[in-house]
Amino acid sequence: MPQLTALDAQFLHFETATNIANIAGLAVLEGDLNRTDLQGLLERKLPYVPALRRRLATVPLGLDHPYWVQEDDLDLDYHVREIGLPPPGDDRQLADQVSRLHARRLDRGRPLWEIYLIHGLSGGRMGLYTKIHHAAVDGIGGADVLAALLDLTPEPAPPPTYPPERDEPPPGPLAMVARGLTRLAGNPAAAVRFAADAVPHLDEIPVVSWIPGAAAVSGFARRLAGSGGAPELPALPAPRTPFSGPLSGHRRFAFASLPLEEIKQVRKAFGVTVNDVVMAVCAGGLRTWLAAHGGVPRTPLVAGVPFSLRAAGEEGPGNQVAIMTAPLAVHVADPVARLHHVRHAMHRIKDRFSLAPARWLREFSESMPAALMGLASRSAFALVGQAAPPINLIISNVPGPQFPLYVCGARLLCHYPVSVITDVSGGLNITAFSYDGSLDIGLVTDRQMVPDAWELTEHLRDALNELRNAEGDLPQ
């Protein structure tokens, strides 16, 4: 039977009125799509998408992590909704509507997802906003869920001929309590194992890595373990920015699309990766924004960069993700020097991750008693968010398909990620998704910290142009 891992449960526990753990996507479609057709598509495909047909079953007294229960009678009238934009139906109105939807918590008594058809968008387009709780999927899993609802041609593909898998039912309440007590008895030993296993990774753990001598201790432990070749990581105290500190309950969302071919031209000209260019574009855009909003710090920002722990082609429920911290060179004025600073930092992190994957977050979660995790998570978030946020923002770049996709015959024009911000991660998340020749970027901010997220999208475009113009032989 599927049970939430400790890391999955963390995404439930840290939620408050201001920290919301929804991950989502905004698809912009060309063509007409109605609710009846979308519900028909879901009826055909949902049996093959386990994450969308499961609801939570809690353990008595909170002694263990919740279980997933298969929901056989989904209320699609609840999960699939329609709303309309007033004229003129422009992109800013669409983003404002998504901002409001994204700040609403999902009903934990139902499967943790909702889809909104958004009519009235200008130019014969419409929006499709899909959100799901982070406890159910990570970023890669969320992309897989979306892909299951898409078709390669305007004609919908027939459903698979094989029968869908069914989950085993969870244990009864008494069995849940017994398992929870067994796990509770093993938590002290798990905590000791975590403490021992974490020593080689002290320089990866935010806040802990700032302690004098932490890097030396972790390096010595890696050499003893035979992985001394893993690169050292710098201690990175995060400078204060306008988007540091506790969040409000309100969000701002904005989006932009950059030509993927232009990014690849910069990649080729400077001998870097596409991800290096994306990170450098974010650094350049943020430098310009910070210069107009309180000043550019003298040290790099600290970006949280998610990495998937899934093997190539691996699928499965829940979260299999790690996060590494990377310096983001907003303090470097020259765009080319900024790009190479980013390149060096990202290659160092990738080399370290390939030799010693950053599993400390998952292992730390597993070492905590389930009964205490909720209170501990919320208390830790509140304390760290107010006193010493370990990172300034999250930046993620997810590769996607380079061919057109369709939903009930309507062509998918763009797909903008809509991700998570928290007190600890900072009030800004920039997530990019490459699709059909475009890099689609979604920015989620706290409304009180970054009131106009669209200003930052313009700076991202300018930062890409700055890199293109820095190499004279690049095509204009």
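In which sense, left-handed or right-handed, does α8 cross α13? The model is predicted, and in it α8 passes α13 in a left-handed crossing. Helix α8 covers residues 260–270 and helix α13 residues 453–469. Their axes come within 10 Å and cross at roughly 40 degrees. On the α8 side, the residues in contact are Glu262, Ile263, Gln265, Val266 and Phe270. They meet Leu464, Asn465, Leu467 and Arg468 of α13. An α-helix has 3.6 residues a turn, so residues three or four places apart point the same way.

The next element to follow is an open sheet of six strands. Their order is β7-β14-β13-β10-β8-β9, and the pairing is mixed. At the edges lie β7 (251–259) and β9 (321–328), each of which pairs on one side only. Direction ignored, neighbouring strands of this sheet are turned by 20 degrees against each other on average. One of the pairings joins β8 (residues 301–308) to β9: eight bridges link the two in the antiparallel sense. Within it, Val302 has Pro327 in β9 as its bridge partner.

Helix α9 packs on this sheet, with contacts to β7, β8, β9, β10 (393–398), β13 (428–435) and β14 (438–446). The direction of α9 makes about 145 degrees with that of β10. How many residues of α9 are buried? The count is 14 of the 19, so the helix is largely enclosed by the rest of the structure. Residues 274–292 make up the helix, and at 1.5 Å a residue its 19 residues should span 27 Å. The end C-alpha atoms are 28 Å apart, which agrees with that expectation. Just after α9, Gly294 takes a positive phi of about 105 degrees.

A further strand pair involves β2 (residues 54–57) and β3. These strands run antiparallel and are joined by four bridges. Arg55 stands opposite Val69 in β3. In a regular strand the side chains alternate between the two faces of the sheet. Strand β3 (residues 67–70) has Tyr67 and Val69 pointing one way, and Trp68 and Gln70 pointing the other way. Are these four residues of β3 buried or exposed? Tyr67, Trp68, Val69 and Gln70 are all buried, meaning that each has under 20% relative accessible area.

Methods:
Residues numbered from 1 in each chain as written. Predicted model: local features only at pLDDT ≥ 70, side-chain atom pairs only at ≥ 80, totals over all residues. Heavy atoms only, no water. Expected span 1.5 Å × (residues − 1). Buried < 20%, exposed > 50% of the residue type's maximum accessible area, 1.4 Å probe, protein only. Pairing = 2+ DSSP bridges. Axes fitted to C-alpha atoms, helices over the stretch in contact; angles between N-to-C directions. Left-handed = near helix turned anticlockwise from the far one by under 90°. Contact = heavy atoms within 4.5 Å.
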